[in-house]
Amino acid sequence: KESQGRSTLRVNELLAAKEKADKEREAKEAASKLMRRLTPEEQEIVTNATEGIGPDGEILAREGADSVQRASMQTLRRGQWLNDER
């Protein structure tokens, strides 16, 4: 009975390890879908937001109560320091 109990425990440990590995694989797959390359049209939108001309206070995106202004997007330009004191 003792060896059967150890065998059951080992099987449960193996099943738990497989379940954990499966969840990690699924999480990596989901994350990789979020990190795809931008389409040329999406890249143009980003370039216009970071490099385009317009008033600093212009709202470029809004979601609910949150918004993003042109000045905030321009901090993402290459060679720019991110500065939260603005």
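Colleague: Let's start with the largest pocket. How many nonpolar, polar and charged residues are in its lining?

Modeller: This is a predicted model. In it, the lining of the largest pocket has 2 nonpolar, 3 polar and 3 charged residues.

Colleague: Which residues line the largest pocket?

Modeller: Gln43, Val46, Thr47, Thr50 and Glu51 are on the list. Leu76, Arg77 and Arg78 complete the lining.

Colleague: And how much space lies in that pocket?

Modeller: About 180 Å³.

Colleague: How do you look for empty space anyway?

Modeller: A probe the size of a water molecule is rolled over the atoms, and that shows where empty space is left.

Colleague: Back to Glu51. Where is Glu51 found?

Modeller: In helix 2, which covers residues 40-51. Glu51 also belongs to the pocket lining.

Colleague: What about Thr75? Where does it lie?

Modeller: Thr75 lies in the segment after helix 3, and that helix spans 70-74.

Colleague: Why does Thr75 count as buried?

Modeller: Because its relative accessible area is 17%, and buried means under 20%.

Colleague: Which backbone oxygen lies 2.6 Å from a polar atom of the Thr75 side chain?

Modeller: That of Ser72.

Colleague: Which residue stands opposite Asp66?

Modeller: Glu63 does, with Asp66 sitting in strand 2.

Colleague: What do the two strands form, and what is in the turn?

Modeller: They form a hairpin with 2 residues between them. Gly64 is in the turn, and its phi is positive, about 60°.

Colleague: Now zoom out. What is the pattern along the sequence?

Modeller: It reads α-α-β-β-α. That comes to 3 helices and 2 strands.

Colleague: What radius of gyration does the protein have?

Modeller: It has 24 Å, whereas a compact globule of 86 residues would be near 12 Å. The C-alpha atoms fill a box of roughly 75 × 30 × 30 Å along the principal axes.

Colleague: And how much of the protein counts as buried?

Modeller: 9% of its 86 residues. Thr75 is buried.

Terms used
Residues numbered from 1 in each chain as written. Predicted model: local features only at pLDDT ≥ 70, side-chain atom pairs only at ≥ 80, totals over all residues. Heavy atoms only, no water. 1 Å grid on protein atoms, 1.4 Å probe; cavity = no way out; pocket = protein on both sides within 12 Å on 5 of 7 lines; lining within 4 Å. Points joined across faces, edges and corners; volume = space filled by probe spheres on them. Nonpolar A, V, L, I, M, F, W, Y, C, P; charged D, E, K, R; others polar. Helix = DSSP H or I, 4+ residues; strand = E, 2+ residues; numbered from the N terminus. Buried < 20%, exposed > 50% of the residue type's maximum accessible area, 1.4 Å probe, protein only. Polar contact = N/O pair within 3.5 Å; in protein donor to acceptor, adjacent residues only side chain to side chain. Pairing = 2+ DSSP bridges. Rg over C-alpha atoms; globule rule 2.2 N^0.38 Å.
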